[in-house]
Amino acid sequence: MLIMGSTSFSPSLSLSPSLSPHSSKFPNPNPNLFLRSHSSFTPLTLRSNQTRYRFKKLPSSNAPNFLVAASGKAEPLKVIISGAPASGKGTQCELITQKYGLVHIAAGDLLRAEVAAASENGKLAKEYMEKGELVPNEIVVMMVKERLLQPDSQQRGWLLDGYPRSSSQAAALEDYGIRPDLFILLDVSEDILVERVVGRRLDPLTGKIYHLKYSPPENDEIASRLTQRFDDTEEKVKLRLRTHHQNVDAVLSVYKDITVKVNGNEAKEHVFAQINAALTHVGEQRKLNSGSLAA
Ligand code: AP5
């Protein structure tokens, strides 16, 4: 894990249980439409960068979601996760939301909901998504902003996935005064990305992400209902990757002081260990700031 800049922190913050155990964006109104949700969290002990991390299995109903709370006044955590197509953003978001209780807002999921609803925006969005290009800002920017400003995001904090993807989208967030506490960049080599895209499958009932090789379905019943995304072909991922490379540097330059670069080539639990360490660091820094302000 590489912390690229010194992270800026809000004052007077500590970790406390959040208001709700749920972290997905919306109930899934359409079983044919994939929306990401969390999976169960298994006990594990692992090693990353010489540090041992231990996690315990927790029933989802009383998982210790965390809200970063100021003394007296709640100050929720705000995180952006970024990375190339199939770098593991959605997979890590499942793990992060499970532990921290943030509201997961994925630009791609919001767009796929519009496509599935066959709205005018959805029809237009699909044309761009099929070409692996960015959907125009007229559609994306307000959609994401409105979701960020909804009460659950404001109360529990948010985990923004796949947005911003261009300097103009980043500028729009800044103009609205929306700034994350941490910007996570998943770094994955290109040959691995293609393999992950081609093998990805989705459960339309639960929204869970699978991979035929790395995260196979638990049983035949689940296996029989798995679907594949329309843009998950080797040909389309190359177009999506080109779009990503054209824009990533401009976005990074906006968040360089709060960016943590994570090695996403490793197994998902190891990737999560790096992210968890970064989020813990943010919490600790906030507590320190709180102490120094109080002194
Ligand atoms: P979006 O849906 O955001 O797609 P993406 O960025 O291409 O990312 P993916 O969802 O494909 O991958 P991921 O990083 O979430 O990986 P996952 O965890 O699933 O966007 C789609 C399209 O919408 C864009 O092309 C664009 O047209 C449009 N769009 C979206 N946002 C936009 C915006 N802001 N502006 C304009 N247009 C926008 O993992 C992938 C696979 O790998 C899975 O099978 C998983 O099981 C496996 N896997 C994950 N981690 C590991 C690991 N560590 N080891 C082994 N396997 C792993």
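How many bridges join β6 to β9, and in which sense do the two strands run? Five bridges join β6 to β9, and the two strands run parallel. This is a predicted model, in which local features need pLDDT of at least 70 and side-chain atom pairs count only at pLDDT 80 or more, while totals for chains, interfaces and linings use all residues. Residues are numbered from 1 along each chain as its sequence is written, and side-chain values use heavy atoms, with hydrogens and water left out. Helices (H or I, at least four residues) and strands (E, at least two) are DSSP runs, numbered from the N terminus.

- Two strands pair if DSSP finds at least two bridges between them.
- Within the pairing of β6 (78-83) with β9, Ile-81 stands opposite Ile-184.
- β9 also pairs with strand β12 (residues 259-263), in the parallel sense and over five bridges.
- Five of the six residues of β9 are buried, and the strand is mostly covered; buried means under 20% relative accessible area, exposed over 50%, and partly exposed in between (1.4 Å probe, protein chains only).

**Nonpolar cores**

- A nonpolar core is a set of buried Ala, Val, Leu, Ile, Met, Phe, Trp, Tyr and Cys residues joined through side-chain atoms within 4.5 Å.
- The largest core has 30 residues, of which Leu-160 and Tyr-163 touch the most other members.
- Elements giving two or more residues to this core include β7 (103-106), α2 (107-117), α4 (137-148) and β8 (158-161).
- Helix α4 contributes the largest share of this core, six residues.
- A second, separate core of 20 residues includes Leu-182, Ile-184, Val-260 and Val-262.
- Contact means heavy atoms within 4.5 Å; leaving aside residues up to four places away in sequence, Tyr-163 touches several residues, among them Ile-80, Ala-107, Val-140 and Leu-173.

- The arc used here is that of the directions from the helix axis to the C-beta atoms.
- The buried residues of α6 are Gln-169, Ala-170, Ala-172 and Leu-173. Viewed down the axis of α6, these buried residues fall within an arc of 155°, so they line one face of the helix.
- Among the elements covering the buried residues of α6 are β6, α4, β8 and α9.
- Gly-177 follows α6 and has a positive phi, near 75°.
- In α3, the residues Gly-122, Ala-125 and Met-129 are buried. Down the axis of α3, its buried residues fall within an arc of 65°, so they line one face of the helix.
- The cover over the buried residues of α3 includes α2 and α4, and just after α3, Gly-132 takes a positive phi of about 75°.

**Aromatic rings and charges**

- Rings of Phe, Tyr and Trp (its six-membered ring) pair if their centres lie within 6.5 Å; planes under 30 degrees apart count as stacked, over 60 as edge-to-face and the rest as tilted.
- A search of the whole structure finds one aromatic pair. The rings of Phe-183 and Tyr-255 have centres 4.9 Å apart and planes at 10°, so this pair is stacked.
- The pair links distant parts of the chain, with Phe-183 in strand β9 (residues 182-187) and Tyr-255 in helix α9 (residues 234-255), 72 residues apart.
- Both Phe-183 and Tyr-255 are buried.
- A charge sits over a ring if NZ of Lys or CZ of Arg is within 6 Å of the ring centre and within 35 degrees of the ring normal.
- The charged end of Lys-126 sits over the ring of Phe-230, 5.1 Å from its centre, and that of Lys-131 sits over the ring of Tyr-128, 5.0 Å from its centre.

**Backbone exceptions**

- Most residues other than glycine have a negative phi, and most peptide bonds are trans.
- Tyr-163 and Pro-164 are joined by a cis peptide bond, with omega about 0°; Pro-164 is found in the loop between β8 and α6.
- Ala-86, although not a glycine, has a positive phi of about 65°, and Ala-86 is buried, with a relative accessible area of 12%.
- Ala-118, also not a glycine, has a positive phi of about 55°, and Ala-118 is partly exposed at 45% relative accessibility.
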